[in-house]
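Here are my notes for you on this one. Have the sequence and the 3D view open while you read.

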Amino acid sequence: MSLNDLIADMLTRIRNAQMAKHEKVDVVLSKTNQSITDILKEEGYIKNYKVIKDDAAHGILRLYLKYDDQGKPVISGLKRESKPGLRKYVGADAIPVVLNGLGITILSTSKGVITGEEAKRLNVGGEYLCSIW
């Protein structure tokens, strides 16, 4: 299995699993994917996650998805912003706001993978990985 963009693959798997009303979804384990998953858990977009090591080159990251009382997914949209073919970088003063603050931006900075709000507070810019709302 050869994947070029692990982040886009993770976001697509989450989107597809939520459309099919799955309880959990497995994605490829990488440091960046785990950092993004940490942010999703902190912000309340997923219930929990578990790291599963296997004999293959990569481990598995199992995400437990979250739904509201009516059975609608908590995550209503995911968008990959910076792609391997066209990287998108933003400065600390140009970090976008998603849906007037109802969503989050996730950036890869010199301080690690953090939310746009935290990047503004730390006054750092970086690669604009994705938006979630």
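How does lysine 88 count: buried, partly exposed or exposed? Lysine 88 has 36% relative accessibility, so it counts as partly exposed (buried is under 20% relative accessible area, exposed over 50%, partly exposed in between, with a 1.4 Å probe and protein chains only).

1. First, some ground rules: this is a predicted model, where local features need pLDDT of at least 70, side-chain atom pairs count only at pLDDT 80 or more, and totals for chains, interfaces and linings use all residues. Residues are numbered from 1 along each chain as its sequence is written, and side-chain values use heavy atoms, leaving out hydrogens and water.

2. Lysine 88 has a partner: its side chain meets that of glutamate 81 in a salt bridge at 3.3 Å, N to O (a side-chain nitrogen of Lys or Arg within 4 Å of a carboxyl oxygen of Asp or Glu). Glutamate 81 counts as buried, because its relative accessibility is 11%. By this rule the count is five salt bridges.

3. Another salt bridge joins arginine 13 and aspartate 9, at 3.0 Å, N to O. Both sit in helix 1, four residues apart, about one turn of the helix (helices are DSSP runs of H or I, at least four residues; strands are runs of E, at least two; both are numbered from the N terminus). Aspartate 9 is buried at 18%, while arginine 13 is partly exposed at 27%.

4. Aspartate 26 pairs with arginine 62, with the closest N and O atoms 2.7 Å apart. This one links distant parts of the chain, strand 1 and strand 3, 36 residues apart.
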